[in-house]
Amino acid sequence: MKKLLLTGFEPFLDFSINPTETIVKELDGQKVGNYEIKGLHLPVDFNLAPKKIVEEVARENPDAVISLGLAAGRTAITPERIAINCQDGEPDNRGVTLEDNAIEENGSDGYFSTLPIRRMVNRLKEAGYPAAISNTAGTYLCNNVMYSVLHELKSSGKKIPAGFVHIPASHALAAASKKSMASWSDGDLLQAITLIIEELD
């Protein structure tokens with residue numbers, strides 16, 4: 001059986017709950033489609049998050065990598081098309097703020113996802129879940145992690161499906177938030193990610 005590295009993040013900024021953490025915990029050690037899942041929780045830390053996932057890819061030698069991130073405010077599951085060589089935005093959980101920083105000084109301007117993102121979106125829509133391809137992973141930790149993994153795979157010559165998927169807020173996060181936001185149930189989020197994994201070759 002093939003191995004999938006599935007990653008999520010800890011809570012960050014004003015979000016006291018990160019539903020990606022819950023999904024990764026639920027699926028760790030499970031078998032979905034042709035894959036056995038290895039879960040990994042990442043810190044919201046510009047320095048440590050990319051190091052941790054790249055080290056895990058080297059250690060586990062997975063056959064695919066899917067990283068999950070929270071995009072509070074989005075209404076659909078959104079696989080990302082591209083990651084760019086830029087770090088910017090809000091402070092991370094250590095309070096570090098970056099502005100217009102390169103992730104890799106001599107790296108490519110961007111890397112396209114190697115996940116079957118169109119098939120994933122179509123599968124979700126067929127199952128009745130809102131889904132769309134997103135053309136920006138932003139410049140925060142989600143983009144950082146996506147870029148770092150794709151850069152490492154390109155540099156090492158490994159050709160495996162890898163990329164990033166943003167998910168909406170969970171009901172629990174929306175209920176705990178002072179801001180109004182669209183949300184999904186934990187069950188629907190988990191089922192949607194399961195369907196995405198089933199679309200891997």
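Reply: Happy to! When I say that residues meet, I mean contact, that is, heavy atoms within 4.5 Å. Please keep in mind that this is a predicted model.

Let's begin with the pair H3 and H6. Met120, Arg123 and Leu124 in H3 meet Ala192, Leu195, Ile196 and Glu198 in H6. Two packed helices are described by the angle between their axes and by the distance between those axes. For helix H3 (residues 117–126) and helix H6 (residues 186–198), the axes come within 9 Å and cross at roughly 135°. H3 and H6 are therefore oblique to each other, and H3 passes H6 in a right-handed crossing.

Now over to helix H2, which runs through residues 48–60. Its 13 residues reach 18 Å from the first C-alpha to the last, close to the 18 Å expected at 1.5 Å a residue. Buried in H2 are Ala49, Pro50, Ile53, Glu56 and Val57. They cover an arc of only 130° around the axis, which puts them on the same side of H2. In an α-helix there are 3.6 residues a turn, so residues three or four places apart point the same way.

What lies over that buried set? The cover includes strand E1 (2–9), strand E3 (35–42), strand E4 (64–70) and helix H4 (141–156). On the face turned away from the buried side, H2 carries the exposed residues Ala58 and Arg59. Finally, H2 is followed by asparagine 61, whose phi is positive, near 50°.

Key: Residues are numbered from 1 along each chain as its sequence is written. This is a predicted model: local features need pLDDT of at least 70, side-chain atom pairs count only at pLDDT 80 or more; totals for chains, interfaces and linings use all residues. Side-chain values use heavy atoms; hydrogens and water are left out. Helices (H or I, at least four residues) and strands (E, at least two) are DSSP runs, numbered from the N terminus. The expected span of a helix is 1.5 Å times one less than its number of residues. Buried means under 20% relative accessible area, exposed over 50%, partly exposed in between (1.4 Å probe, protein chains only). The arc is that of the directions from the helix axis to the C-beta atoms. Axes are lines fitted to C-alpha atoms, for helices over the stretch in contact, and angles run from 0 to 180 degrees between N-to-C directions. Angles under 35 degrees count as roughly parallel, over 145 as roughly antiparallel, 65 to 115 as roughly perpendicular and the rest as oblique. A crossing is left-handed if the near helix is turned anticlockwise from the far one by less than a right angle, and right-handed if clockwise.
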